[in-house]
Every structure is written in structure tokens, then in C-alpha cells.
Amino acid sequence: MRLLTAVDQLFLILESRKQPMHVGGLFLFELPEDAQGAEHNFVYELVKQMQNSEVPPSFPFNQVLENLIFWKEDKHFDVEHHFHHVALPKPARVRELLMYVSREHGRLLDRAMPLWECHVIEGVQPDTEDGPERFALYFKIHHSLVDGIAAMRLLQKTLSQSPTETVTLPVWSLVARHRNQINAASPAKRSAFGIVKEQLSTIKPVFTELMDNLKNYGDDDYVGTFDAPMSILNKRISASRRIAAQSYDIKRFHDIADKLEVSRNDVVLAVCAGAIRRYLISMKALPTKPLIAFVPMSLRSDNSTAGNQLSFVLANLGTHLDDPMRRMKLIHRSMNNGKRRFRRMTQAQVINYSAIAYAWEGINLATGLFPKKQAFNLIISNVPGSEKPLYWNGARLQALYPASVVFNGQAMNITLASYLDKIEFGITACSKTLPHVQDMLLLIEEELQLLERTSNELPSGLGLRD
């Protein structure tokens, strides 16, 4: 059995009917050329292959909760509980596909079973009139089992980089296909003495960083856990979900980053900040103080695919500023401040620092004691993906859209993943608290165009780098 970490436990504690704590991904595939006009047969063969497979699930898909304290191996796998095959009424646009995924994403996973589900969805119309037929895979897995980086690694192990490779195993038995990676996928066992020794060694450096925060409180570059304003993004949520998704050319973000001498993630945050600012202005709900984003940072230094190994940086989004360049500079400075702090610490020190620095927010999320006060306004997460095309039995992966968690006080989540030459945005929101969240996709495009024009107008060599 494997002990749940404090972060894993938090995702279980926070879960309720209105706030499921699973993450998901929507993967859109194009049928191979030799399968055109026979979508039912191709998808049906995939479905039959998974339904009839006698290969048991591999780690982490074989893990089930034991007394909410341990993970243990499930000995009674029921494929019908986890696997679903649906056909949308033809011709189904991506809009109808997202409506189906939104409904499924709002439904809880059964804790008596391994915490994941797989949906194969057929009937998605071609991208263009003469384009190839398409189908989709929607996979959701509890956040206590994996974080975003781990989920992306699981995807890459499941699919193939070859259009001619035939995979006969279901996606939940992927480690059987990668037996030489089992040790990398499973967490290494550690002695109790080693854990205690590591934890004791974190006390002094963590205390030093916490005291440094007190010294810097009030500086423009420093973002504290009491700086986030109340906004419509931070109201209580319902069980209704709306997922909006769109692909954008990754080169556009790179070009802006190179011109301004900032990171691509800074550009992503600035684009999101500008879009959120426009969205809230349209609702007459923009706070006078800047919104604060919770930006996950991976702490993984290996190829593992288990548990949660992440911390968070608080980023000032500068939504109170009308000038996009001033907003970008503020985002760049606040992100650099947080990253410099984490670079000074080991993984264990970062985790313990985060546990203390964000402790009151964790308690607040779990208890709702302070509904009008939160440490941040939304989560914006950037997950690296594959730079090579991926295939499933010859079907090319066209796009992948992440779907994440929202909870009381956090009604919107923006998660994006890179794939080939695209950045795939997935916006998850409570549809009752935040209506018409799909408008964000157009606003992101408008903000991207604004940053392109503004950065191109700057004289050569006049970037924003510190």
C-alpha cells in the first residue's frame, strides 16, 4: 500500500457533489486514410479491443482508496464501470462534443473504485468540408492520483509516435506496454528515517524564506496571500460545468516572448489577464485591485507519473492596468520573484514552505470560513506536451484540450497544454456563476493580436527583461 500525501488528501477533502476534484483531457483524433467512410468499423474495433482485453489495469489505474489514507491495488476491475462508448447525433460539431464533456466533467467519480473513467466518442464532424472524419477520447482521473505533468506523461505513454504501430492494449494498461518504465512510473520506496531526516533539514531554510516574505511585504514585485480582491470569479459554485476549448499557434506566443525578452509563460499569463479583464468589464464586474493567479510549478525531477509533485507561484495579473505593456512587465516581475524563491530551495523545502505559506487558504477552501476572502482569484496552469505527432492505431491526434477543477471561491480555471505547433486552451468554469465563458476564446484571440501589434511597434532591443 502507498500512503497518500498531504496534497493528495487535500483534493479528497475538498471534494463534494458541487466540486468534483478530477482532471480530464479531451483528445480529438482524425481517422486514418484507409478508414475514411467506415468510422463505425474503426471506432468499433478500438472499443471492442478495450472491452474484451484481459490485461489488467496498470499503475496508477489499478489504485483504489483504502480508508482515505492509503492507495492499494484493486483486485476486482470492472471494465463496464470505467469505460463508456457513446455516439453523438451526426453531424456533431465540436460545440456538441464540448457539451457532452462538460456534463460528464461535472459528475463525481466513485471512491469505491479506481478513480478514473474513459469515454470514446464518435460522430464528430470533420474540421473542414473535405477533412478526415473524427472521433474523440475523453479521459478523467482524480487529482489525488496525478497532477497535470503526470497526466500528460501518461498520455504520451499511451499513444504512439508511429502512424503504423498497432496497439492492442487498452489505454489503462499502458505500463504493460512499457515494462521497462514501471519503476519510473511507480514512486520509489523510502525509509521512515530518511523521510524524517529530510523533513528536519527543511526547517531552517523554510523559516528563512518566510521571514524574507515579511521583509518584502509591500514591494510591487511581492504578491502575498491576502492581496487578491473579491470578484465574481470567487463566488460559490454549482455542479454545472462549461468547458470552452480552442487552439492557438504557439509561434505567436514565442514571437511576443522573444520581442519583449520575457518567458512564453509570461506571455500566456498576459494574454489570459487581458482576456479576463475584457470579460469582467463586459459584465461590469472588474475589481479595482489587480486579480491574482495561482500558477502551478512542477517539482518533478524524474520521469515519474504518480501523485502530485507541484507547488504554486502567486502572480499579479495587473488587470487594473489598461496598458498591456505595463501589465506584462508587472506579470514578469511577480513571476520572477516567485521563481527565484523556489530556486533557492530543494523540493522538500518548497513543499513545506508552500504548506505553511498557503495553509490558511487550504483551510478556507476546506471549511468555507471566509467566503469573501481568498489568496488568489483563479488558477492558470501551463502543461508541456508532445512536440511530435501522436497516433492511436494510425489515427492521428489532432488536438488535446485539458479540463481541470473548479471549486467554491474559484469558479474559473484556465489550463493549457502544448502539442506540436499549437497551444491548446481549456477553460473550465461553473456555468451558473460565469455565463458565456466561451466568449473568453474570442477575447484571448483579441488580446493576442493586441500584444502582437504592441510588441512589433517597440524599437529593436527594447524588451521588458529585468
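**Strands, sheets and helices in a predicted model**

Biologist: Strand β2 (residues 22–30) and β7 are said to pair in the antiparallel sense over 9 bridges. What makes them count as paired strands?

Modeller: The structure is a predicted model. Two strands pair if there are at least two bridges between them; β2 and β7 have 9, so they count as paired. In one of these pairings, Gly25 has Phe139 of β7 as its bridge partner.

Biologist: How many bridges join β2 to β13?

Modeller: There are 7 bridges, and β2 and β13 run antiparallel. Seven bridges meet the requirement of at least two, so this is a pair as well. Gly24 has Ala403 of β13 as its bridge partner.

Biologist: In what order do the 6 strands of the open sheet stand?

Modeller: The order is β5-β6-β7-β2-β13-β12. β5 and β12 (391–392) are the edge strands, each pairing on one side only.

Biologist: How do you know that the pairing in this sheet is mixed?

Modeller: Strand β5 (residues 83–92) and β6 pair in the parallel sense over 6 bridges, while β6 and strand β7 (residues 134–142) pair in the antiparallel sense over 8 bridges. The sheet holds both senses, and its pairing is mixed. As examples of facing residues, His84 stands opposite His119 in β6, and Glu122 stands opposite Phe135 in β7.

Biologist: Which element does the chain pass through from β5 to β6?

Modeller: The chain passes through helix α4 (residues 94–105), and this β-α-β crossover is right-handed. Helix α4 lies across β2, β5, β6, β7 and β13 (395–403).

Biologist: How many bridges join β12 to β13?

Modeller: There are 2 bridges, with the strands running antiparallel. The requirement is at least two, so β12 and β13 still count as a pair. Tyr391 has Arg396 of β13 as its bridge partner. In the hairpin of β12 and β13, 2 residues lie between the strands, and Asn393 takes a positive phi near 50°.

Biologist: Why is Leu115 called buried?

Modeller: Leu115 has a relative accessible area of 1%. Buried means under 20%, so Leu115 qualifies.

Biologist: Where is Leu115 placed, and what does Leu115 touch beyond residues up to four places away in sequence?

Modeller: Leu115 sits in the loop between α4 and β6. The residues touched by Leu115 include Gln63, Leu65, Trp71, Lys140, His142 and Ser144. Ser144 is 29 residues from Leu115 in sequence, yet the two are 8.9 Å apart in space, C-alpha to C-alpha.

Biologist: What percentage of contacts between residues at least 6 apart in sequence join residues at least 24 apart?

Modeller: In the protein, 78% of those contacts do.

Biologist: In the open sheet of 3 strands, which strands are at the edges, and why?

Modeller: The order is β1-β4-β3, with antiparallel pairing. β1 (2–3) and β3 (63–66) are the edges, because each has a single partner strand and so lacks a neighbour on one side. β1 pairs with strand β4 (residues 70–73) over 2 bridges, and Leu3 has Phe70 as its bridge partner in β4.

Biologist: How many helices and strands does the protein have?

Modeller: There are 15 helices and 15 strands. The protein exposes about 21000 Å², of which carbon and sulfur atoms supply 53%.

How values were computed: Residues are numbered from 1 along each chain as its sequence is written. This is a predicted model: local features need pLDDT of at least 70, side-chain atom pairs count only at pLDDT 80 or more; totals for chains, interfaces and linings use all residues. Side-chain values use heavy atoms; hydrogens and water are left out. Helices (H or I, at least four residues) and strands (E, at least two) are DSSP runs, numbered from the N terminus. A crossover is right-handed if, with the strands pointing away from the viewer, the path from the first strand over the helix to the second runs clockwise. Contact means heavy atoms within 4.5 Å. Accessible areas come from the Shrake-Rupley method with a 1.4 Å probe; for residues, only the protein chains shown count as cover. Buried means under 20% relative accessible area, exposed over 50%, partly exposed in between (1.4 Å probe, protein chains only). Axes are lines fitted to C-alpha atoms, for helices over the stretch in contact, and angles run from 0 to 180 degrees between N-to-C directions.
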